[in-house]
Amino acid sequence: MKSLKELSLRIKNIRSVQKTTKIMQMVSAAKLLQSQKKLSSSKLYISKLHSIISSLILSTDQELLAKIFNTGDNDSYLVFIIASDRGLCSNFNSSIIKSSQEHVNKLIASGKGVDIVFLGKKAFDIGKNRFDSKSILKIVNSKEVTLKRIEALVDSMDLNKYDKVKVFYNKFYNTFTQKPILEMIKPWSKNSSLIDDSLTNSTIGYNYEYEPPNTEFILRSLIQNYVVAALYSALLESAASENSARMFAMESANRNTKEMLNNLALLYNRSRQAAITTDLIEVIGGAESL
(Lines give C-alpha, C1' and ligand atoms only; values in the text may rest on other atoms or scores of the structure.)
Protein backbone atom coordinates (compact mmCIF):
# COMPACT_ATOMS: atom_id res chain seq x y z
CA MET A 1 0.00 0.00 0.00
CA LYS A 2 1.27 3.46 -0.88
CA SER A 3 2.31 5.84 1.88
CA LEU A 4 0.09 8.73 2.97
CA LYS A 5 2.60 11.21 1.58
CA GLU A 6 2.54 9.58 -1.87
CA LEU A 7 -1.26 9.46 -1.89
CA SER A 8 -1.51 13.08 -0.77
CA LEU A 9 0.90 14.20 -3.53
CA ARG A 10 -1.01 12.25 -6.18
CA ILE A 11 -4.34 13.77 -5.06
CA LYS A 12 -2.79 17.23 -5.28
CA ASN A 13 -1.49 16.57 -8.82
CA ILE A 14 -4.84 15.23 -10.03
CA ARG A 15 -6.67 18.26 -8.60
CA SER A 16 -4.25 20.47 -10.50
CA VAL A 17 -5.01 18.58 -13.72
CA GLN A 18 -8.73 18.87 -13.01
CA LYS A 19 -8.48 22.64 -12.75
CA THR A 20 -6.70 22.75 -16.11
CA THR A 21 -9.27 20.55 -17.87
CA LYS A 22 -12.14 22.63 -16.45
CA ILE A 23 -10.57 25.83 -17.76
CA MET A 24 -9.94 24.22 -21.16
CA GLN A 25 -13.56 23.06 -21.29
CA MET A 26 -14.86 26.57 -20.60
CA VAL A 27 -12.48 28.14 -23.13
CA SER A 28 -13.51 25.59 -25.78
CA ALA A 29 -17.20 26.30 -25.09
CA ALA A 30 -16.62 30.05 -25.57
CA LYS A 31 -14.62 29.46 -28.77
CA LEU A 32 -17.34 27.15 -30.06
CA LEU A 33 -19.91 29.95 -29.84
CA GLN A 34 -17.59 32.29 -31.73
CA SER A 35 -16.91 29.63 -34.38
CA GLN A 36 -20.62 28.99 -34.85
CA LYS A 37 -21.29 32.70 -35.44
CA LYS A 38 -18.53 32.93 -38.06
CA LEU A 39 -19.69 29.69 -39.66
CA SER A 40 -23.27 30.95 -39.87
CA SER A 41 -22.19 34.12 -41.69
CA SER A 42 -19.87 32.20 -44.00
CA LYS A 43 -22.55 29.65 -44.83
CA LEU A 44 -24.95 32.43 -45.79
CA TYR A 45 -22.34 34.00 -48.09
CA ILE A 46 -21.25 30.80 -49.83
CA SER A 47 -24.86 29.64 -50.21
CA LYS A 48 -25.82 32.89 -51.93
CA LEU A 49 -22.70 32.78 -54.11
CA HIS A 50 -23.44 29.18 -55.06
CA SER A 51 -27.01 30.17 -55.94
CA ILE A 52 -25.88 33.07 -58.15
CA ILE A 53 -23.44 30.82 -60.01
CA SER A 54 -26.20 28.22 -60.49
CA SER A 55 -28.52 30.87 -61.90
CA LEU A 56 -25.85 32.21 -64.26
CA ILE A 57 -25.01 28.72 -65.51
CA LEU A 58 -28.65 28.09 -66.43
CA SER A 59 -28.58 31.04 -68.81
CA THR A 60 -25.12 30.35 -70.27
CA ASP A 61 -24.41 28.65 -73.59
CA GLN A 62 -23.35 25.00 -73.23
CA GLU A 63 -20.27 25.43 -75.41
CA LEU A 64 -19.04 28.25 -73.19
CA LEU A 65 -19.71 26.14 -70.08
CA ALA A 66 -17.73 23.27 -71.58
CA LYS A 67 -14.84 25.66 -72.19
CA ILE A 68 -14.96 27.07 -68.64
CA PHE A 69 -15.35 23.72 -66.88
CA ASN A 70 -12.85 21.83 -69.00
CA THR A 71 -10.61 20.11 -66.42
CA GLY A 72 -8.31 18.11 -68.69
CA ASP A 73 -7.71 14.41 -68.18
CA ASN A 74 -8.28 14.37 -64.39
CA ASP A 75 -4.66 13.32 -63.85
CA SER A 76 -3.60 16.00 -61.36
CA TYR A 77 -5.15 16.60 -57.94
CA LEU A 78 -4.66 19.14 -55.17
CA VAL A 79 -5.90 17.90 -51.82
CA PHE A 80 -6.35 20.11 -48.74
CA ILE A 81 -6.44 18.22 -45.43
CA ILE A 82 -7.85 20.37 -42.62
CA ALA A 83 -7.34 19.48 -38.96
CA SER A 84 -6.04 21.36 -35.91
CA ASP A 85 -2.78 22.77 -34.60
CA ARG A 86 -3.27 21.14 -31.19
CA GLY A 87 -4.34 17.82 -29.74
CA LEU A 88 -6.56 16.97 -26.74
CA CYS A 89 -9.66 16.80 -28.92
CA SER A 90 -10.46 13.09 -28.95
CA ASN A 91 -10.27 11.47 -32.43
CA PHE A 92 -10.84 14.75 -34.28
CA ASN A 93 -7.44 14.71 -36.02
CA SER A 94 -6.99 10.97 -36.45
CA SER A 95 -10.39 10.49 -38.10
CA ILE A 96 -9.72 13.07 -40.84
CA ILE A 97 -6.25 11.65 -41.51
CA LYS A 98 -7.60 8.11 -41.71
CA SER A 99 -10.32 9.00 -44.24
CA SER A 100 -8.02 11.19 -46.36
CA GLN A 101 -5.21 8.61 -46.33
CA GLU A 102 -7.42 5.96 -47.88
CA HIS A 103 -8.65 8.29 -50.65
CA VAL A 104 -5.25 9.81 -51.47
CA ASN A 105 -3.49 6.44 -51.59
CA LYS A 106 -6.13 5.16 -54.04
CA LEU A 107 -5.47 8.15 -56.32
CA ILE A 108 -1.71 7.59 -56.20
CA ALA A 109 -2.14 3.85 -56.81
CA SER A 110 -4.18 4.64 -59.93
CA GLY A 111 -1.35 6.77 -61.33
CA LYS A 112 -2.76 10.22 -60.49
CA GLY A 113 -0.50 13.10 -59.52
CA VAL A 114 -1.42 14.32 -56.03
CA ASP A 115 -0.21 17.37 -54.11
CA ILE A 116 -1.21 17.66 -50.44
CA VAL A 117 -1.60 20.83 -48.38
CA PHE A 118 -1.97 20.32 -44.63
CA LEU A 119 -3.95 23.03 -42.88
CA GLY A 120 -3.09 22.29 -39.25
CA LYS A 121 0.20 21.22 -37.66
CA LYS A 122 -1.41 18.26 -35.91
CA ALA A 123 -2.68 17.00 -39.26
CA PHE A 124 0.88 17.01 -40.55
CA ASP A 125 2.31 15.41 -37.40
CA ILE A 126 -0.11 12.50 -37.69
CA GLY A 127 -0.12 12.22 -41.48
CA LYS A 128 3.52 12.85 -42.43
CA ASN A 129 4.40 9.16 -42.18
CA ARG A 130 1.20 7.99 -43.88
CA PHE A 131 1.60 9.86 -47.16
CA ASP A 132 4.33 9.99 -49.75
CA SER A 133 6.63 12.83 -48.67
CA LYS A 134 6.97 13.91 -52.32
CA SER A 135 3.22 14.64 -52.37
CA ILE A 136 3.31 17.05 -49.41
CA LEU A 137 3.31 20.55 -50.88
CA LYS A 138 2.69 22.84 -47.89
CA ILE A 139 1.97 22.87 -44.14
CA VAL A 140 -0.05 25.86 -42.95
CA ASN A 141 -1.36 26.76 -39.49
CA SER A 142 -5.13 26.44 -39.16
CA LYS A 143 -5.35 28.77 -36.14
CA GLU A 144 -6.94 32.22 -36.55
CA VAL A 145 -7.43 31.79 -40.29
CA THR A 146 -8.94 34.79 -42.08
CA LEU A 147 -10.43 35.15 -45.54
CA LYS A 148 -7.45 37.28 -46.60
CA ARG A 149 -5.02 34.54 -45.57
CA ILE A 150 -6.99 32.01 -47.62
CA GLU A 151 -6.99 34.36 -50.62
CA ALA A 152 -3.21 34.75 -50.28
CA LEU A 153 -2.79 30.97 -50.00
CA VAL A 154 -4.88 30.30 -53.11
CA ASP A 155 -3.09 33.08 -55.04
CA SER A 156 0.28 31.56 -54.12
CA MET A 157 -0.65 28.33 -55.88
CA ASP A 158 -1.52 27.93 -59.54
CA LEU A 159 -4.83 26.10 -59.36
CA ASN A 160 -5.06 26.03 -63.15
CA LYS A 161 -2.50 23.21 -63.30
CA TYR A 162 -4.76 20.95 -61.23
CA ASP A 163 -7.66 19.14 -62.83
CA LYS A 164 -9.41 18.68 -59.49
CA VAL A 165 -9.15 20.34 -56.09
CA LYS A 166 -10.56 18.54 -53.05
CA VAL A 167 -10.89 19.36 -49.36
CA PHE A 168 -11.07 16.96 -46.42
CA TYR A 169 -12.58 18.51 -43.30
CA ASN A 170 -14.71 17.67 -40.27
CA LYS A 171 -18.22 18.92 -40.92
CA PHE A 172 -20.03 20.45 -37.94
CA TYR A 173 -23.60 19.12 -37.73
CA ASN A 174 -24.27 20.00 -34.09
CA THR A 175 -22.52 20.08 -30.73
CA PHE A 176 -22.59 16.29 -30.50
CA THR A 177 -21.91 15.29 -34.11
CA GLN A 178 -18.96 16.00 -36.42
CA LYS A 179 -18.00 13.78 -39.36
CA PRO A 180 -15.11 13.72 -41.87
CA ILE A 181 -16.28 14.99 -45.28
CA LEU A 182 -14.70 15.13 -48.73
CA GLU A 183 -15.69 18.23 -50.71
CA MET A 184 -14.89 18.95 -54.36
CA ILE A 185 -14.20 22.65 -54.93
CA LYS A 186 -12.81 22.36 -58.46
CA PRO A 187 -14.49 21.83 -60.83
CA TRP A 188 -17.54 23.63 -59.48
CA SER A 189 -20.39 21.30 -58.56
CA LYS A 190 -24.09 22.05 -58.21
CA ASN A 191 -24.11 19.92 -55.04
CA SER A 192 -22.05 20.93 -52.04
CA SER A 193 -21.87 19.90 -48.40
CA LEU A 194 -20.86 23.46 -47.51
CA ILE A 195 -24.08 25.19 -48.51
CA ASP A 196 -27.43 25.40 -46.79
CA ASP A 197 -30.26 24.63 -49.22
CA SER A 198 -32.70 26.76 -47.20
CA LEU A 199 -30.59 29.83 -48.08
CA THR A 200 -30.26 29.18 -51.82
CA ASN A 201 -33.81 28.95 -53.11
CA SER A 202 -34.52 32.68 -52.98
CA THR A 203 -32.22 33.62 -55.89
CA ILE A 204 -32.83 30.70 -58.25
CA GLY A 205 -34.63 31.88 -61.39
CA TYR A 206 -33.63 35.53 -61.01
CA ASN A 207 -32.31 37.36 -64.05
CA TYR A 208 -29.06 39.26 -63.50
CA GLU A 209 -27.57 42.05 -65.57
CA TYR A 210 -23.78 42.30 -65.54
CA GLU A 211 -21.37 45.09 -66.34
CA PRO A 212 -19.36 44.52 -68.40
CA PRO A 213 -21.55 42.01 -70.25
CA ASN A 214 -18.80 39.39 -70.44
CA THR A 215 -20.34 36.15 -69.17
CA GLU A 216 -17.15 34.12 -69.42
CA PHE A 217 -15.09 36.61 -67.41
CA ILE A 218 -17.80 37.00 -64.75
CA LEU A 219 -18.38 33.27 -64.40
CA ARG A 220 -14.66 32.52 -64.12
CA SER A 221 -14.30 35.25 -61.49
CA LEU A 222 -17.26 33.98 -59.48
CA ILE A 223 -15.95 30.42 -59.55
CA GLN A 224 -12.52 31.63 -58.41
CA ASN A 225 -14.20 33.46 -55.53
CA TYR A 226 -16.19 30.32 -54.78
CA VAL A 227 -12.98 28.28 -54.40
CA VAL A 228 -11.68 30.73 -51.80
CA ALA A 229 -15.03 30.92 -49.99
CA ALA A 230 -15.41 27.14 -49.99
CA LEU A 231 -11.96 26.60 -48.51
CA TYR A 232 -12.61 29.27 -45.86
CA SER A 233 -16.00 27.73 -45.00
CA ALA A 234 -14.40 24.29 -44.68
CA LEU A 235 -11.87 25.77 -42.22
CA LEU A 236 -14.68 27.32 -40.17
CA GLU A 237 -16.56 24.00 -40.17
CA SER A 238 -13.38 22.34 -38.95
CA ALA A 239 -12.82 24.99 -36.26
CA ALA A 240 -16.34 24.55 -34.88
CA SER A 241 -15.91 20.76 -34.91
CA GLU A 242 -12.53 21.04 -33.18
CA ASN A 243 -13.84 23.24 -30.37
CA SER A 244 -16.84 20.98 -29.87
CA ALA A 245 -14.65 17.86 -29.80
CA ARG A 246 -12.21 19.45 -27.33
CA MET A 247 -15.04 20.64 -25.08
CA PHE A 248 -16.43 17.12 -24.77
CA ALA A 249 -12.95 15.61 -24.42
CA MET A 250 -12.24 17.92 -21.47
CA GLU A 251 -15.67 17.17 -19.98
CA SER A 252 -14.84 13.47 -20.15
CA ALA A 253 -11.45 14.16 -18.55
CA ASN A 254 -13.20 16.05 -15.74
CA ARG A 255 -15.42 13.05 -15.03
CA ASN A 256 -12.42 10.73 -15.00
CA THR A 257 -10.41 12.92 -12.64
CA LYS A 258 -13.40 13.21 -10.30
CA GLU A 259 -13.70 9.42 -10.20
CA MET A 260 -9.96 9.08 -9.59
CA LEU A 261 -10.08 11.63 -6.76
CA ASN A 262 -12.95 9.76 -5.08
CA ASN A 263 -11.03 6.48 -5.28
CA LEU A 264 -7.82 8.06 -4.00
CA ALA A 265 -9.66 9.83 -1.17
CA LEU A 266 -11.13 6.50 -0.08
CA LEU A 267 -7.71 4.84 -0.29
CA TYR A 268 -6.12 7.74 1.63
CA ASN A 269 -8.67 7.52 4.44
CA ARG A 270 -8.22 3.78 4.71
CA SER A 271 -4.44 4.15 4.82
CA ARG A 272 -4.70 6.89 7.44
CA GLN A 273 -7.01 4.77 9.60
CA ALA A 274 -4.71 1.79 9.23
CA ALA A 275 -1.74 3.93 10.30
CA ILE A 276 -3.65 5.24 13.33
CA THR A 277 -4.68 1.71 14.28
CA THR A 278 -1.08 0.51 13.96
CA ASP A 279 0.14 3.37 16.18
CA LEU A 280 -2.51 2.59 18.80
CA ILE A 281 -1.58 -1.08 18.80
CA GLU A 282 2.09 -0.19 19.28
CA VAL A 283 1.26 2.22 22.13
CA ILE A 284 -1.01 -0.29 23.86
CA GLY A 285 1.51 -3.09 23.37
CA GLY A 286 4.30 -0.93 24.81
CA ALA A 287 2.17 0.01 27.83
CA GLU A 288 1.33 -3.61 28.55
CA SER A 289 4.98 -4.62 28.37
CA LEU A 290 5.74 -2.10 31.09
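Mentor: Let us begin with strand pairing: β1 and strand β4 (residues 164-174) pair in the parallel sense over five bridges. Within this pairing, V79 has K166 of β4 as its bridge partner. Please bear in mind that this is a predicted model.

Trainee: Which strand is joined to β1 by seven bridges?

Mentor: That is strand β2 (residues 113-119), which runs parallel to β1.

Trainee: Is strand β1 (residues 76-82) largely enclosed or open?

Mentor: Burial is judged by relative accessible area, and a residue under 20% counts as buried. Seven of the seven residues of β1 are buried, so the strand is largely enclosed by the rest of the structure. Both of its faces are covered: S76, L78, F80 and I82 are on one side, while Y77, V79 and I81 are on the other.

Trainee: How many salt bridges does a search of the whole structure find?

Mentor: The search finds seven. To read one, look for a side-chain nitrogen of Lys or Arg within 4 Å of a carboxyl oxygen of Asp or Glu. K171 and E237 form such a pair, their closest N and O atoms being 3.4 Å apart. Because K171 lies in strand β4 and E237 in helix α6, the pair ties together parts that are 66 residues apart in sequence. K171 is buried, at 10% relative accessible area, and E237 is buried too, at 1%.

Trainee: What does E216 pair with?

Mentor: E216 forms a salt bridge with R220, with 3.2 Å between the closest N and O atoms. Both lie in helix α6, about one turn apart. E216 is partly exposed at 22% relative accessibility, and R220 is partly exposed at 37%. Elsewhere, salt bridges with shared partners join K43, K171 and E237 into one network.

Trainee: Where does S244 lie, and what does S244 touch?

Mentor: S244 is in helix α6 (residues 215-289) and is buried, with a relative accessible area of 1%. Leaving aside residues up to four places away in sequence, S244 touches L32, F172, N174, T175 and Q178.

Key
Residues are numbered from 1 along each chain as its sequence is written. This is a predicted model: local features need pLDDT of at least 70, side-chain atom pairs count only at pLDDT 80 or more; totals for chains, interfaces and linings use all residues. Side-chain values use heavy atoms; hydrogens and water are left out. Helices (H or I, at least four residues) and strands (E, at least two) are DSSP runs, numbered from the N terminus. Buried means under 20% relative accessible area, exposed over 50%, partly exposed in between (1.4 Å probe, protein chains only). Contact means heavy atoms within 4.5 Å. Two strands pair if DSSP finds at least two bridges between them.
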